[in-house]
Structures are given as structure tokens and as C-alpha cells.
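Please look through the sequence and the structure together before reading on. The briefing below takes up one topic at a time, and each point can be checked in the view.

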Amino acid sequence: MSPLCSGNGFISSLYFTFFSRDFYYEHRAILMAQRAYKKNRGVHGNSSALLRRNIHRLEKGLIMRPRRDVFALDYLLETVLVYKDVFSNKGFSQCELAWAESVFEKYFSVVNRSHPDIAYAYKVYVQITPNNHEPIKEKIPYLQANKAKHTVSYNQLMDLCLARRSNRWFLNKPIEDEKVTQAVAAALQAPSACNRQPYEFYKIESQPLLSQLVKLPGGTAGFAENIPCLMAVVGDLSYYPEARDRHVIYIDGSLASMQFMLALETLDLASCPINWPELHTLDKRVSKLLGLPEYKRVVMFIAVGYPDDSGHIAYSEKKLPEDVIKRL
Ligand SMILES: Cc1cc2nc3c(=O)[nH]c(=O)nc-3n(C[C@H](O)[C@H](O)[C@H](O)COP(=O)(O)O)c2cc1C
């Protein structure tokens, strides 16, 4: 039946409406995410997806060559208003506020403030920040020449990549919170669409939750009981007002996960990414165990632990660069 329905989009949709429930949970999750986005006006706890995205857009405007003296009109007021919204929110991220303020200061100092839209946005903006406000550390675009330097050679990076292998046998030893914090700090340096970083890392190590969770993904069969710590990388679909961005949590979450796993390797810890299939029955169970609303989705699980050197690692032959590079 399913190959016959692939002829066009409409018939495919009919198939997934009447004959398959594969998208059942996901469709609802996306609509609930849009509702949550609207209700929270793009604010998520101590962070705002809308503020992050728009401040990022302002930064991109600031680095244009040549820079225009009027730009960002279509989202400027929206950005100032969301900034105003979160400014008085006591628990809001101070880093995020400082970044926003810094970029606003730069923006308003270089654009043509006699433009009526900019003049109005500026009037609203200056009423938000109190006069006795401490000057903040500048968090604005900087010269590429001043970018952080590194001492990692290609060979060193390659060594790290070769040393990171999916490890399925671990010692029965707890994982220090500090090491996870260090690895997550590296993960957070990963690129993300419009710098929104729409994910969270859940560390699961207490019983019975760990035992209940490790058995859910089919891919842990045979070694589930051996996992001392499971990380759940959870993406938040409510960072996006539009369904077209529904895959971004998986892209951003995966980029961060890769950096997380490489960082673990440098901290003497081993890991194994664990597939989380799109099965609505399993999604319900995992959401209940982790206490997630429908719009927060598991991107992947990652088993973490100190490696048991007496266990084996699958050889996992890799493709060659020439197999995957298509030169056009
Ligand atoms: C998204 C993803 C899902 C994976 N799921 C599982 C899984 O469920 N169970 C498992 O044992 N390994 C899983 N792996 C590990 C892969 O089998 C492994 O990465 C691959 O064989 C290459 O080996 P390497 O990681 O040692 O380089 C997964 C890897 C990725 C990236």
C-alpha cells in the first residue's frame, strides 16, 4: 500500500491519515509547540528563542560589508519589545540580557536614528535600561583577526576522532557532575540555527528511572544494564513559530551531541549514541518518564561511562573521503 501512495503529496497525506499513525505524535507535537510559542511569546524559562534569533540577526546586519545605516526594520521593534518583556524577569539569563543590550547599544550607535521606525524603537529601548546601570562587557561583533586562537593540529583532531568510538561496556562507576558540565560547555560551543540552542541535556543515573529508560530504545538490547549514566538530548520544538523549522532541533541537537561526545573522550569518559526512533507509543512513555510536554522531543540518548577496557568495540569500518565527496 505505502509505495502506491507515493505518487503525490495529497495521496501520501491520505495514507498517513488513514493507514499509518507514524506521524501522529509528531504532527500534534508541532501544533502544540506553535501554541506554546505563541503563549510564551518565544520565551522559555530563562531564555528567549525570539530574542536570541533577533539579536543574532542584528549582529549579522552589523557585520555586513558595507553596513547600511538603516536595517532590521522588519523585526527591530519586535526585538526591543521582547527584550522589554524579559528584562524585568528576575530569573532571566543575565548572559543573554547582556548580549542583547550590548548589541542594541552598538546598533543604535551606528544606525540612522532619525529614521522614524528606528527613532521609535530607540525611544522604547532607552526606557527599559535604568540610567544607573553598570556598563556591561561588550558582546558585539569583533574582527575575525581577533578570534580565539587554538593549538590543535589536524593530526591531534584526527587522533581525538579516532579515539572516540561507540563504547558499550562501562565500569560500574558514577560519572562526576563536573565532567558532564565540562562536556556540555563544549557542546554549547557548537553552531546552531540563529544561535537559538533549542536543546537541553538530561543526566539520568538514579534508579529506577535509569533502568526504565535504558530499556526503551531497542538499540540498547544486550548492554542496557551495563550503562551507568544515560544522557537524553532533548530538543524543544516550541522555539519555532513555524512548522518549517521542525527539523532544526535534530540538527542543532546532533551538532551539540557530537561536541559533547568528543569532549567526554578528552575527560577519559566513553560514550555511545543511542537511536531514539519516531514511534509514538515509545514517545509517550519517554515523555512520561522524563516529564516532558509533547513539544519537547528526544533527539538521541547517549550512554556515558568510564570504559571497561576488557569489553570489545565494534570495528565499524568508515567510508573513504572519495566515497562521499561529490565535486561539482
Ligand atoms: C544517531 C545514532 C544512533 C545510534 N544508535 C545506536 C543504538 O541504538 N545502539 C547502538 O549500539 N549504537 C548506536 N549508535 C552507534 C553506531 O552504531 C556507531 O556510531 C557506528 O556503528 C559507528 O561506530 P563508532 O561510533 O564507533 O565510530 C548510534 C549512532 C548514532 C549516530
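This is a predicted model: local features need pLDDT of at least 70, side-chain atom pairs count only at pLDDT 80 or more; totals for chains, interfaces and linings use all residues.

The protein is divided into domain 1, residues 41–128, and domain 2, residues 154–305.

**The two domains**

- Taken over C-alpha atoms, the centres of domain 1 and domain 2 are separated by 32 Å.
- Five residues from domain 1 and seven residues from domain 2 take part in the contact between them.
- On the side of domain 1 that touches domain 2, helix α3 (residues 49–62) supplies the largest share, with four residues.
- Sorted by class, that side of domain 1 has two charged, two polar and one nonpolar residue.

**The sheet and its helix**

- Four strands form an open sheet in the order β3-β4-β6-β5, and their pairing is antiparallel.
- Strands β3 (199–204) and β5 lie at the edges, where each of them pairs on one side only.
- From one strand to the next, the twist of this sheet averages 25 degrees.
- Strands β5 and β6 run antiparallel and are joined by five bridges, and Ala-270 has Gly-305 in β6 as its bridge partner.
- Helix α10 (residues 248–266) packs on the sheet and touches β3, β4 (229–236), β5 and β6, while its direction makes about 10 degrees with that of β6.

**Phe-301**

- Phe-301 has its place in strand β6, which covers residues 296–305.
- Is Phe-301 buried or exposed? Phe-301 counts as buried because 27 other C-beta atoms lie within 10 Å, where the cut-off for a buried residue is 20 or more.
- Leaving aside neighbours within four places in sequence, Phe-301 is in contact with Pro-217, Leu-230, Met-231, Ala-232, Ile-274 and Trp-276.
- Phe-301 and Gln-127 are 174 residues apart along the chain, and their C-alpha atoms are separated by 45 Å.

**Around the ligand**

- The residues that surround the ligand are Arg-165, Ser-166, Arg-168, Pro-217, Gly-219, Cys-272, Pro-273, Ile-274, Asn-275, Met-300, Ala-314 and Ser-316.
- Which strand gives the most to the shell around the ligand? Strand β5 (residues 270–274) does, with three residues.
- By class, this shell is made up of six nonpolar, four polar and two charged residues.
- Pro-217 and Ile-274 are among the residues around the ligand, and Phe-301 is in contact with both Pro-217 and Ile-274.

Terms used: Residues are numbered from 1 along each chain as its sequence is written. A residue is near a molecule or strand if its C-beta atom, placed from the backbone, lies within 6 Å of it. Helices (H or I, at least four residues) and strands (E, at least two) are DSSP runs, numbered from the N terminus. Ala, Val, Leu, Ile, Met, Phe, Trp, Tyr, Cys and Pro count as nonpolar, Asp, Glu, Lys and Arg as charged, and the others, Gly among them, as polar. A residue is buried if 20 or more other C-beta atoms lie within 10 Å of its own, exposed if 12 or fewer, and partly exposed in between; C-beta atoms are placed from the backbone. Two residues are in contact if their C-beta atoms, placed from the backbone, lie within 7 Å. Two strands pair if DSSP finds at least two bridges between them. Axes are lines fitted to C-alpha atoms, for helices over the stretch in contact, and angles run from 0 to 180 degrees between N-to-C directions. Domain bounds come from an automatic or database domain assignment.
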